[in-house]
Amino acid sequence: MDVAFINVPARRHIRPHTPEDATQSLLLSITCGTHIPKPSPIMLRSPIVVLRPYSGASPLGTTSKRTVASCGLFSAVFVRGVATSSQNVGIKALYTYFPSSYVSQTELEAYDGVSAGKYTIGLGQKNMAVCGEREDINSICLSAVQGLFDKFGTNPRDVGRIEVGTETVIDKSKSVKTTLMDLFAPSGNTSLEGIDTTNACYGGTSALFNSLQWAESSYYDGRDAIAVAADIAVYEKGAARPTGGAGAVSMLVGPNAPLVFEQGLRGSYFENAYDFYKPVLSSEYPLVDGPLSNDCYLRALDSSYQGYRDKFRKAFGREFSVQEDVDYALFHSPYTKLVQKSWGRLHYLDFLTHKDSKALAQSALHQYTSLSSEASYSNKELTKALQDETKQSYAAKVVPSLLLPSELGNSYCGSLYTGLQSLVDHVSKQPQKKKEQRVLLFSYGSGLAATMFSLKIQGDVSDIAQKADIVNRLKQRKPISPADFTTTLKRREETHTMAPFEPTSPVAGMFPGTFYLKQVDDKYRRHYARV
């Protein structure tokens, strides 16, 4: 048997089957179709689905017509270049781990001797999560993935891929993912693709994209994927220290999800920049050019949004509008004040596109149209005007995503996805007014890498919110004083590359079930235990 095809409705999806089912289905299909003696790329003008035995060949495909692609033992249909063998691919479960200790930004203002409101109003932060010597990137990722298993009943044997996005490096060779394999060992599952991916705060998004693309590809084997976005963000004493934080988000990715990503709608921007980087491998601390980093962030936002709008226009035949087409918006959050500025920025870009329309004839923003892009990034009058103009939409569409970012601080790779966890909690408590809601997401990593993309909330997310239980867990945290926070970071500095090393801080105050560092032996091998 080479290739057989049958006429079916255009929107019918072909799913992978067992070898027996696949053989039987293919035999039946031959009587209804036509043999093609030699497989080749086939351009189809009519609503036809093509089946063929799996041959290990690369997917055949184009971008605009329905073509054939290998998927397991069956072929999948490509519609507009997107494989439809897995339907509604997205996030099925979401769990955020954060440490049990935090420092108040209000108290930190007083301790640092800065003006009241500098961190709480100027940065828009409330508290900051603190990891002591007992926690490292391995331990917080172990806790996050274990959370999926414990809270959502995820079976380790049902996972076929796991990838970690992080910039918190404690080993230049061994990945965090390999440490996570300890969680799968009891089940006997050693067949998991994926590895770590790194570029500042963008690694988590790359891990998520790779997981999504695996679930939509010819290599998908019916199991789910896990994408982990995690970091411990610490800074040396100075102006940047209040923008630290910590958190680890584990996302279960697969078909039939309530959070479904919009296929083909992405706008990306990359360039070579030294706005934030970590060249000193013996230190956890980065080198930061704050003003440059803000400009890079906004420049990447502009370009990514333009790319996203271009894709939207081609897909739907009309212009995209944040006012009309976005139900919620999430942004990478080094601090929430930058998120507010970014939301205003998108409205400004929409205004520039439609500034000659009658509806905008009286807009106060006309006085800023002569500004160059670079000049507009730091123009305080424009920023204030945009904040005033978008005050209501910011409160309705963006603030619901800022609970964890404002409480945990910047978790680098985890930052955007702590926002998603916050949004899910918010949406679960609201009356469902629409069948689906579009969420616009902007991911940024210094250096730099950025993407704007979107998902739709298409199902009930109350189960995710209930099991993640972020509000109650935030209330169970314990505050530490700014002096103890400073001592904690000093201790991390001293022990960062130490071996052998046994932490001495107590584990009694950690959340039940939390993984912690037990020992680093004289060969730098790390050993963990669980509270």
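Me: How many cavities of 30 Å³ or more does the structure hold?
Reply: This is a predicted model. The structure holds five cavities of that volume or above. The largest cavity has a volume of about 170 Å³.

Me: Which residues lie nearest the centre of the largest cavity?
Reply: A cavity is read through its lining. Here the lining has 16 residues, and D136, R492, T495, H496 and R526 are the ones nearest the centre. Two elements, α16 (482-495) and β21 (515-520), each supply at least two residues of that lining.

Me: How do the lining residues of the largest cavity divide into nonpolar, polar and charged?
Reply: Seven of the residues in the lining are nonpolar, three are polar and six are charged.

Me: What helices and strands does the chain have, by number?
Reply: There are 16 helices and 22 strands in the chain. Of the 531 residues, 55% are buried. Burial is judged by relative accessible area, with buried meaning under 20% and exposed meaning over 50%.

Me: What share of the contacts join residues at least 24 apart in sequence?
Reply: The count takes contacts between residues at least 6 apart in sequence, and 73% of these join residues at least 24 apart.

Me: Which residues show this around I162?
Reply: I162 lies in strand β10 (residues 159-165). Its relative accessibility is 0%, so I162 counts as buried. Leaving aside neighbours within four places in sequence, I162 is in contact with V145, K177, L180, F184, L192, E193, G194, I195, I226 and V228. For one of these, I226, the separation from I162 is 64 residues in sequence and 4.6 Å in space, C-alpha to C-alpha.

Me: Which residues of helix α10 are buried?
Reply: For a helix, the question is where the buried residues sit around the axis. In α10 (residues 380-389), L382, T383, A385 and L386 are buried. They cover an arc of only 165° around the axis, and therefore lie on the same side of α10. On the other side of α10, K380 and E381 are exposed.

Me: What covers the buried residues of α10?
Reply: The cover includes α8 (336-354) and α9 (373-377).

Me: What is found at the start of α10?
Reply: There, a side-chain oxygen of N379 comes to within 3.1 Å of the backbone nitrogen of E381.

Me: Which residues have a positive phi although they are not glycine?
Reply: Two cases can be set side by side. N256 has a positive phi of about 55°, and Y412 has one of about 50°. N256 is in the loop between β13 (245-254) and β14 (259-270), while Y412 is in the loop between α12 and α13.

Me: Is Y412 buried or exposed?
Reply: Y412 is buried, with a relative accessible area of 1%. N256, by contrast, has a relative accessibility of 51% and so counts as exposed.

Me: What does S411 touch?
Reply: S411 is found in the loop between α12 (403-408) and α13 (415-428). With a relative accessible area of 0%, S411 is buried. Not counting residues up to four places away in sequence, S411 touches A230, D231, A246, G247 and T418.

Me: Which residues does a cis peptide bond join?
Reply: The angle to read is omega. A cis peptide bond joins G447 and L448, with omega about 5°. L448 is in the loop between β18 (437-445) and β19 (449-457). Another cis peptide bond joins A499 and P500, with omega about -5°. P500 lies in the loop between α16 and β21.

Me: How many residues apart in sequence are R525 and P500?
Reply: R525 and P500 are 25 residues apart in sequence, and their C-alpha atoms are 8.9 Å apart in space. R525 is found in the loop between β21 and β22 (526-530).

Me: What does the side chain of R525 make a polar contact with?
Reply: The partner is the side chain of D521, at 2.8 Å. Not counting residues up to four places away in sequence, R525 touches Q519 and V520. R525 is partly exposed, with a relative accessible area of 47%.

Technical notes
Residues numbered from 1 in each chain as written. Predicted model: local features only at pLDDT ≥ 70, side-chain atom pairs only at ≥ 80, totals over all residues. Heavy atoms only, no water. Buried < 20%, exposed > 50% of the residue type's maximum accessible area, 1.4 Å probe, protein only. Helix = DSSP H or I, 4+ residues; strand = E, 2+ residues; numbered from the N terminus. Arc of directions from axis to C-beta. Contact = heavy atoms within 4.5 Å. Polar contact = N/O pair within 3.5 Å; in protein donor to acceptor, adjacent residues only side chain to side chain. 1 Å grid on protein atoms, 1.4 Å probe; cavity = no way out; pocket = protein on both sides within 12 Å on 5 of 7 lines; lining within 4 Å. Points joined across faces, edges and corners; volume = space filled by probe spheres on them. Nonpolar A, V, L, I, M, F, W, Y, C, P; charged D, E, K, R; others polar.
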